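Subject: A structure for you to explore

Hi there,

Here is the structure I promised to pass on to you. Have a look at it first, and then read my notes below.

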Amino acid sequence: MRKINEIVVHCTATQPDFMPGASTAGRVGEVKRWHVQINKWSDTGYHYLVDRDGTVAEGRPLERIGAHVARHNTGTIGIALFGGHGSAETDAFADHFTPEQDAALRTLIADLEARFGDLKISGHNEYAAKACPGFQVARWLGHGPAAKPAPEDQDEATAATIYRWRLAEIRDLAMRALAGE
Ligand SMILES: [Zn+2]
């Protein structure tokens with residue numbers, strides 16, 4: 001496995017109703033077609049794609065270097081959210097993406113950090129003059145789940161995501177205390 005130290009978040013810049021009626025696999029296949037047939041890449045540029053309903057699909061195998069951000073593909077994992085058409089980099093996550101995508105992206109990040117250790121989490125717009133992913137990743141990360149569901153509305157998956165998140169916060173505080181900050 002190659003060394004991983006960062007996740008770069010992207011969007012597909014597609015409309016919210018991109019390929020209505022298609023499955024996640026169908027939408028992922030279309031992105032692959034763009035990247036392989038049009039860009040002439042060997043595979044989908046991203047390692048993961050997150051559909052509007054929160055379904056996470058694999059793109060390029062994780063062990064292979066991606067093609068998603070110029071000069072920063074080495075050591076990074078590329079994750080693309082479906083949506084984001086017409087977004088600006090100063091927009092909020094919820095302006096262009098769903099609560100399901102919010103929860104799924106946080107869970108995916110937590111899973112990848114459990115596997116690879118603490119990772120830098122950035123957005124494509126930090127490395128290029130682009131809106132992508134259509135929000136400021138650092139600001140979104142600091143905010144907690146965008147949905148903020150009432151307790152009675154939380155399903156177990158959402159509750160588990162929030163719980164994991166709190167654990168990560170506690171861990172960060174403990175690390176800072178240990179470091180004397
Ligand atoms: Zn991008």
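A salt bridge here is a side-chain nitrogen of Lys or Arg within 4 Å of a carboxyl oxygen of Asp or Glu. Helices (H or I, at least four residues) and strands (E, at least two) are DSSP runs, numbered from the N terminus.

Before we go on, please keep in mind that this is a predicted model: local features need pLDDT of at least 70, side-chain atom pairs count only at pLDDT 80 or more, and totals for chains, interfaces and linings use all residues. Residues are numbered from 1 along each chain as its sequence is written, and side-chain values use heavy atoms, with hydrogens and water left out.

How many salt bridges does a search of the whole structure find? There are five. One of them joins Asp51 to Arg27, with the closest N and O atoms 3.0 Å apart. Asp51 sits in the loop between β2 (48-50) and β3 (56-58), while Arg27 belongs to helix α1 (residues 24-38), so this pair ties together parts that are 24 residues apart in sequence. Asp51 counts as buried, at 2% relative accessibility, and Arg27 is buried with a relative accessible area of 12%.

Another salt bridge links Glu30 with Arg33, at 3.1 Å between the closest N and O atoms. Both residues lie in helix α1, three residues apart, which is about one turn of the helix. Arg33 counts as partly exposed, at 35% relative accessibility. Lys32, Asp43 and Arg64 are linked in a network of salt bridges.

Now for helix α1 itself. Its buried residues are Thr24, Arg27, Val28, Glu30, Val31 and His35. They cover an arc of only 155 degrees around the axis, which puts them on the same side of α1; the arc is that of the directions from the helix axis to the C-beta atoms. These buried residues pack against β2 and β3. After α1 comes Lys40, whose phi is positive, near 65 degrees.

The largest nonpolar core has 23 residues, and Ile7, Ile79 and Leu112 touch the most other members. A nonpolar core is a set of buried Ala, Val, Leu, Ile, Met, Phe, Trp, Tyr and Cys residues joined through side-chain atoms within 4.5 Å. Helix α3 gives the most to this core, with five residues. A second, separate core of eight residues includes Phe18, Val28, Ala57 and Phe82.

Finally, which residues are the protein donors of the zinc ion? They are His10 (ND1), His124 (ND1) and Cys132 (SG), lying 2.0 to 2.3 Å from it. Donors are N, O and S atoms within 2.8 Å of the metal (3.2 Å for Na, K and Ca), and water is not among the atoms, so sites may look incomplete. Along the chain, the zinc donors follow the spacing H-x113-H-x7-C. Both His124 and Cys132 are buried.

Enjoy exploring!

Best wishes

Methods: Buried means under 20% relative accessible area, exposed over 50%, partly exposed in between (1.4 Å probe, protein chains only). Contact means heavy atoms within 4.5 Å.
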